[in-house]
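This report describes helix packing and charged side-chain pairs in one protein model. The sequence and structure come first.

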Amino acid sequence: MEMPETATNATKRPVWNAGRTVGAKRALKPKQIWEIRFYLNQRRRLRDRALFDLAIDSKLRGCDLVQLKIADLVSGTQIRTRAIVMQQKTGRPVQFELLADTRASLLTWLDRRCGTIDDYVFPSRVDRNGHLSTRQYARLVDEWVTGVGLVSSEYGTHSLRRTKASIIYRATGNLRAVQILLGHSKIDNTVRYLGIDVEDALALAENTEI
């Protein structure tokens, strides 16, 4: 008996995740953050250093990060200590802090980049009126992590989004605070995003004395 053509095609269609590492990407550890910063500094990649620092501090999705405009981060001649943006995915506002290292690297980049407050912080090198694409951002992250000896398949743009949130959670156990920082509407989403399991919960409990 002959198989229908549609069934034959289905059996030949490659599995979408064949050869890929699936699941949540790893967050960076503090030591790895500084290794990447050193890597970028050594190569004098001002844009990439500013992009990396901003990704860590802002905890934004890639689609929101690349669309930031200078006005979102600058007040007068200074980099803001706090900023707020509207998330593309949820339509909800989210605030984030900009620490001293990030403000310094952004100021250095913007002095080089020039532009007006209506321009994108990270412009496209193909379309001068456009912004850095999420695909190019992903390529840069891949380059950064491999540059310091990490396995690229284990890290991605969400690694940078998760990094500071994971560090804050491990240090404080304050899941509600992390939910607010990530802009999640439900705390269940935060639990899944951070990959919190029973072992994590027990470890936090064991380190809490009453």
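In this predicted model, helices α3 and α7 are roughly perpendicular to each other, because their axes cross at roughly 95° and angles of 65 to 115 degrees count as roughly perpendicular. The two axes come within 12 Å, and α7 spans residues 134-147. On the α3 side, the residues that meet α7 are Arg 47, Asp 48, Leu 51, Phe 52 and Ala 55. Their partners in α7 are Tyr 137, Leu 140 and Trp 144. Sorted by class, this contact has 6 nonpolar residues, 2 charged residues and no polar ones.

Helix α3, residues 46-58, also packs against helix α8, residues 157-172. Here the axes come within 7 Å and cross at roughly 50°. From α3, the contact is made by Phe 52, Ala 55, Ile 56 and Asp 57, and from α8 by Leu 160, Thr 163 and Lys 164. These residues divide into 4 nonpolar, 1 polar and 2 charged.

The crossing of α8 past α9 is right-handed. Arg 161, Ala 165, Ile 168 and Tyr 169 of α8 meet Leu 175, Val 178, Leu 181 and Leu 182 of α9. The class count for this contact is 7 nonpolar, 1 charged and no polar.

| Helix pair | Axis distance | Axis angle |
|---|---|---|
| α3 and α7 | within 12 Å | roughly 95° |
| α3 and α8 | within 7 Å | roughly 50° |

Charged pairs are the next topic. Side chains of opposite charge can pair when their charged atoms come close. The structure holds 10 salt bridges, and Glu 97 takes part in two that are described here.

One of these joins the side chains of Glu 97 and Lys 59, with an N to O distance of 3.2 Å. Glu 97 lies in strand β4, residues 93-97, while Lys 59 sits in the loop between α3 and α4 (62-65). The two residues are 38 apart, and the pair links distant parts of the chain. Both Glu 97 and Lys 59 are buried.

The other joins the side chains of Glu 97 and Lys 164 at 2.6 Å, N to O. Because Glu 97 is in strand β4 and Lys 164 in helix α8, this pair ties together parts that are 67 residues apart in sequence. Lys 164 is buried, as is Glu 97.

What do the side chains of Lys 31 and Glu 35 meet in? They meet in a salt bridge, at 2.5 Å from N to O. This pair lies within helix α2, residues 30-42, and because the two residues are 4 apart, they are separated by about one helical turn. Lys 31 counts as exposed because its relative accessibility is 60%, and the cut-off for exposed is over 50%. Glu 35, with a relative accessible area of 27%, is partly exposed.

Gln 32 lies in the helix α2 too. Gln 32 is buried, with a relative accessible area of 12%. Apart from neighbours within four places in sequence, Gln 32 is in contact with Ala 27, Leu 150 and Tyr 155.

Salt bridges also form a network that links Arg 45, Arg 47, Asp 48 and Glu 143.

Buried residues make up 38% of its 210 residues. Of the contacts between residues at least 6 apart in sequence, 60% join residues at least 24 apart.

Terms used. Residues numbered from 1 in each chain as written. Predicted model: local features only at pLDDT ≥ 70, side-chain atom pairs only at ≥ 80, totals over all residues. Heavy atoms only, no water. Axes fitted to C-alpha atoms, helices over the stretch in contact; angles between N-to-C directions. Contact = heavy atoms within 4.5 Å. Nonpolar A, V, L, I, M, F, W, Y, C, P; charged D, E, K, R; others polar. Salt bridge = Lys/Arg side-chain N within 4 Å of Asp/Glu carboxyl O. Buried < 20%, exposed > 50% of the residue type's maximum accessible area, 1.4 Å probe, protein only. Parallel < 35°, antiparallel > 145°, perpendicular 65-115°, else oblique. Left-handed = near helix turned anticlockwise from the far one by under 90°.
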